Amino acid sequence: VAQPPPMSSGDPSLEDHYQELLARETRHWGDERPDPQYPQLWDDPRVFELAVGDAYRHLLDRVAGHARVLELGCGDGDLAVELAARGARVTGVDISPERILRARVHAAGSSASFEIADLNTAEFAPESFECVVAHSALHHVYNLDHALAAARRALVPGGTIVVNDFIGAGWFEKVAYALGYAVLPTLQPYRTKWSLRRRLGPFLASERQKRLAVDRGGSDGLHAHSPFEGISQYSIVEKVAACFEVTERFTYCPYWYHMVPKLRVSPAFRHALLAGFRGMDARLNRGGITRGSYVFIEARKPSP
Ligand SMILES: C[S@@+](CC[C@H](N)C(=O)[O-])C[C@H]1O[C@@H](n2cnc3c(N)ncnc32)[C@H](O)[C@@H]1O
């Protein structure tokens with residue numbers, strides 16, 4: 001992985017600000033651990049299966065047939081190891097040295113290999129991969145244009161990119177979610193939730209507001225520990241379509257599902273809640289009445 005110098009704004013104080021944000025983002029991912037008071041969809045295997053299992057398997061099936069795979073934002077290497085077990089030669093890249101270290105340990109004995117790289121600036125060997133995959137990674141990348149152009153250069157002509165990413169929700173849906181989270185019994189006690197009101201700004205901020213904050217050297221609307229959280233979430237769909245020929249796209253997992261693991265209810269009730277709503281939500285989604293908080297995109301680099 002060749003790393004050119006970091007993007008330059010020409011303004012040294014803005015450049016320092018950007019580098020400080022990126023360093024904070026990198027530390028955040030190195031330190032990230034499950035929080036028992038604030039569990040996520042992927043912390044309980046049954047919740048994961050009910051909420052996103054079908055889409056994850058779909059992604060595995062679409063990527064696994066390719067010989068050489070580049071994974072962007074590979075984290076601890078779970079997907080890369082799974083793909084390697086299915087016969088792909090996977091190169092995973094991630095900005096966090098701790099995560100790359102964990103991925104290497106996790107992948108010991110498999111054909112997957114890992115490198116530290118910042119997707120805002122990284123370049124890869126040209127036309128070296130039949131497939132590029134990004135799982136829940138691109139919404140953290142400020143310079144998505146660069147990351148997608150680099151992915152395109154790394155693909156052989158006719159190669160495939162598979163993106164599965166968090167695209168969040170609109171303002172009204174987020175307000176409804178925040179109200180629901182405030183009043184419903186959750187694993188986080190009400191006292192702790194009250195202190196979370198300071199995080200409401202970043203939670204409700206749009207991608208545009210976050211970008212303005214970064215570009216102006218401020219931090220309004222940015223997550224304190226993960227300043228690039230959601231910096232690209234709304235533009236993923238349009239930017240992938242601008243760079244590649246989209247062959248399949250759908251959204252899934254309604255935004256409110258993210259609340260389910262956090263509710264103070266029995267696991268059986270939690271699973272029954274998701275199982276009960278899943279079919280209806282899928283129909284509403286297919287009918288275009290609702291949209292999910294994740295998008296699956298498969299696209300091709302056109303052959304010359
Ligand atoms: C939500 S995690 C997903 C990890 C993994 N793909 C998975 O699905 O488990 C986001 C990952 O993107 C990585 N990341 C964030 N910003 C990045 C950047 N600028 N360049 C490379 N990786 C980045 C983080 O370190 C983290 O591992």
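**Figure 1. Helix 4 and helix 10 on the sheet of the predicted model.** Helix 4 (residues 97-106) lies across strand 2 (89-94) and strand 3, and runs at about 170° to strand 3. Helix 10 (residues 236-243) packs on the sheet, where strand 5, strand 6 and strand 7 are touched, and its direction makes about 5° with that of strand 7. Contact denotes heavy atoms within 4.5 Å; axes are lines fitted to C-alpha atoms, for helices over the stretch in contact, with angles from 0 to 180 degrees between N-to-C directions. Helices (H or I, at least four residues) and strands (E, at least two) are DSSP runs numbered from the N terminus. The model is predicted: local features require pLDDT of at least 70 and side-chain atom pairs pLDDT 80 or more, whereas totals for chains, interfaces and linings use all residues. Residues are numbered from 1 along each chain as its sequence is written, and side-chain values use heavy atoms, with hydrogens and water left out.

Figure 2. Seven strands are arranged in the order 3-2-1-4-5-7-6, two strands being paired if DSSP finds at least two bridges between them. Strand 3 (113-116) and strand 6 (245-252) are the edge strands, each pairing on one side only. From one strand to the next, the twist averages 15°. Strand 5 (residues 155-166) and strand 7 (residues 294-300) pair in the antiparallel sense over seven bridges; Ile161 has Ala299 of strand 7 as its bridge partner.

**Figure 3. The largest nonpolar core.** A nonpolar core is a set of buried Ala, Val, Leu, Ile, Met, Phe, Trp, Tyr and Cys residues joined through side-chain atoms within 4.5 Å; buried means under 20% relative accessible area, with a 1.4 Å probe and protein chains only. Among the 44 residues of the largest core, Val63, Val69, Leu83, Val90, Phe114, Val133 and Cys253 touch the most other members. Elements that each supply at least two residues include helix 3 (78-85), helix 6 (171-183) and strand 4 (129-135). Helix 2 gives the most, with ten residues.

**Figure 4. Surroundings of Cys253.** Residues up to four places away in sequence aside, Cys253 touches Leu41, Ala51, Val52, His258, Gly292, Ser293 and Tyr294.

Terms used
Buried means under 20% relative accessible area, exposed over 50%, partly exposed in between (1.4 Å probe, protein chains only).
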